[in-house]
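Notebook open, structure loaded. I want the overall layout, then a helix pair, then a single side chain.

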Amino acid sequence: MKLATQVRYGTRILLDLAMHQSKGMVQMGDIASRQNISLKYLEQLIIPIKNAGFVTSKRGPKGGHSLAKSPNQITLAQIIRVFEKERVPKETPDDASNCSEHQDSLIEEAWDEAIEAFYSRLEKVTLSDLSIGTTKKLWKGSDLLIFN
């Protein structure tokens, strides 16, 4: 299963906010340069993220964006659902026999179960988990590493 670019970049925006919010409001230009994503595209992606209640914004010279929730309250499944309008495209055969309709139904049922398992697993992965994992990876091999 391939995740849409919007999902990947939206997750990167939220992860960047989680990792830099201790400094106060985070400006989109800073996220764009750290994540190597165009500012124009980030400005489009921030809208559904804000509408989902994950981010708050403040205008002005000291403005920017910050997480509206704790990083341990935002899961990957929630982020994916913001950008994925339809989980699975459904195709209906034009001329199918009863046997193939039954097979299609069984395949669709198995696919739905797989998608549910996918989302169920991602409900257990939070931005907090990802930021800890990212920090560990960045500091791997350093004498300053404080994680086990």
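I started with contact range: among contacts in the chain with a separation of 6 or more, 66% join residues 24 or more positions apart. I'm noting here that this is a predicted model.

Next I went through the secondary structure. I found six helices and two strands, and from the N terminus on they come in the order α-α-α-β-β-α-α-α.

Then burial and surface. Of the 148 residues in the chain, 30% are buried.

On to a helix pair. Two packed helices are described by the angle between their axes and the distance between the axes. I picked H1 (residues 5-20) and H3 (residues 39-51): their axes come within 10 Å and cross at roughly 85°. H1 is therefore roughly perpendicular to H3, since 65 to 115 degrees is the range for that label.

Which residues in H1 and H3 meet? On the H1 side I listed Thr5, Gln6, Tyr9, Gly10, Ile13 and Leu14, and facing them in H3 are Tyr41, Leu42, Leu45, Ile46 and Ile49.

Last entry, glutamine 35, which sits in helix H2 (residues 28-35). Is glutamine 35 buried or exposed? I read 18% relative accessibility, so glutamine 35 counts as buried, the cut-off being under 20%. Leaving out residues up to four places away in sequence, I have glutamine 35 touching Arg12 and Asp16.

Notes: Residues numbered from 1 in each chain as written. Predicted model: local features only at pLDDT ≥ 70, side-chain atom pairs only at ≥ 80, totals over all residues. Heavy atoms only, no water. Axes fitted to C-alpha atoms, helices over the stretch in contact; angles between N-to-C directions. Helix = DSSP H or I, 4+ residues; strand = E, 2+ residues; numbered from the N terminus. Parallel < 35°, antiparallel > 145°, perpendicular 65-115°, else oblique. Contact = heavy atoms within 4.5 Å. Buried < 20%, exposed > 50% of the residue type's maximum accessible area, 1.4 Å probe, protein only.
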